[in-house]
Amino acid sequence: MAKEKRPDGEKRAPRSRMTAAERREQLIQIARHLFAERGFDATSVEEVAAQAKVSKPVVYEHFGGKEGLYAVVIDREVTQLLGIMRSALSAGTSRQLVEQAALALLDYIEQHPDGFRILVRDSPIGSQGASFQSIIGDTTSRVEGILVDQFKARGLDARTAPMYAQMLVGMVGTTGQWWLTSGRKVDRRAVAAHIVNLAWNGLSGLEKRPSLTIE
């Protein structure tokens, strides 16, 4: 290959091409940003290719299509967040474990806002693999164990613990979405503290047989 000539007549080395691994990583990062900004349906292979300055067949060669590219992006985010959540729920008192879970999710949202936006969107029909719901399910199982012990100690029906675990983890996830869309103006530790304040102090005053007061 002939060397390129500079305007002053000197020769320079040809521009190096990306390796297959580098190209794949570039496509993943471009797609990740587009999926976060526009969602799965509004993102096209054409746009990913255009931003990477390659042809559409290059994207298909690496991922087989938009669904395959989306699956890779999702799997990466799931692996990262699941690792963070599992590490956070390691040791401590029951209240400390609840605090760790809330703070870990908010940490992920703060550090990886694009990833969180992707995870909380609905997955495309027919997609396979893990999802935000699978992470919530895994975390809920851990929280459920905490609540079972607390319910038994307080003379409450431990069979209802799974339902309360869903409520608690769902509250953290929903608050996290609000925190992200509001611009994260409140410090994450303060948000976590308020979540735990409501959850924990609410748990301390649970009625044995709750019922609605309205008809």
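1. What is the volume of the largest pocket? The volume is about 200 Å³, taken as the space filled by probe spheres set on grid points joined across faces, edges and corners. A pocket is an open set of points on a 1 Å grid over the protein atoms alone, with protein on both sides within 12 Å along at least five of seven lines, and lining residues have an atom within 4 Å of a point.

2. This is a predicted model, in which local features need pLDDT of at least 70 and side-chain atom pairs count only at pLDDT 80 or more, while totals for chains, interfaces and linings use all residues. Residues are numbered from 1 along each chain as its sequence is written, and side-chain values use heavy atoms, with hydrogens and water left out.

3. The protein chain has 9 helices and 2 strands, in the order β-β-α-α-α-α-α-α-α-α-α along the sequence. Helices (H or I, at least four residues) and strands (E, at least two) are DSSP runs, numbered from the N terminus. Of the 215 residues, 37% are buried; buried means under 20% relative accessible area, exposed over 50% and partly exposed in between, with a 1.4 Å probe and protein chains only. Among contacts (heavy atoms within 4.5 Å) with a separation of 6 or more, 64% join residues 24 or more positions apart.

4. Helix 1 covers residues 20-38, which is 19 residues, and spans 27 Å from first to last C-alpha, close to the 27 Å expected at 1.5 Å a residue. The expected span is 1.5 Å times one less than the number of residues. Its buried residues include I28, A31, L34 and F35. The cover over the buried residues of helix 1 includes helix 2 (45-52), helix 3 (56-63), helix 4 (66-88) and helix 6 (113-120).

5. The lining of the largest pocket consists of L147, Y164, M167, L168, M171, L198, A199, G202, L203 and L206. Helix 8 (161-181) and helix 9 each give at least two of the lining residues. By class the lining has 9 nonpolar residues, 1 polar and no charged. Ala, Val, Leu, Ile, Met, Phe, Trp, Tyr, Cys and Pro count as nonpolar, Asp, Glu, Lys and Arg as charged, and the others, Gly among them, as polar.

6. There are 2 cavities of 30 Å³ or more, a cavity being a set of grid points where a 1.4 Å probe fits but cannot get out. The second largest cavity holds about 60 Å³. Helix 7 (132-153) and helix 9 (188-204) are the elements that give two or more residues to its lining. That lining includes F151, R154, W200 and S204, and divides into 6 nonpolar, 2 polar and 1 charged.

7. Two residues can be checked individually. H194, in helix 9, counts as exposed because its relative accessibility is 57%. Its C-alpha lies 10.0 Å from that of A102, 92 residues away along the chain. E110, in helix 5 (residues 94-111), is partly exposed because its relative accessible area is 34%. E110 touches W179, R184 and R188, leaving aside residues up to four places away in sequence.
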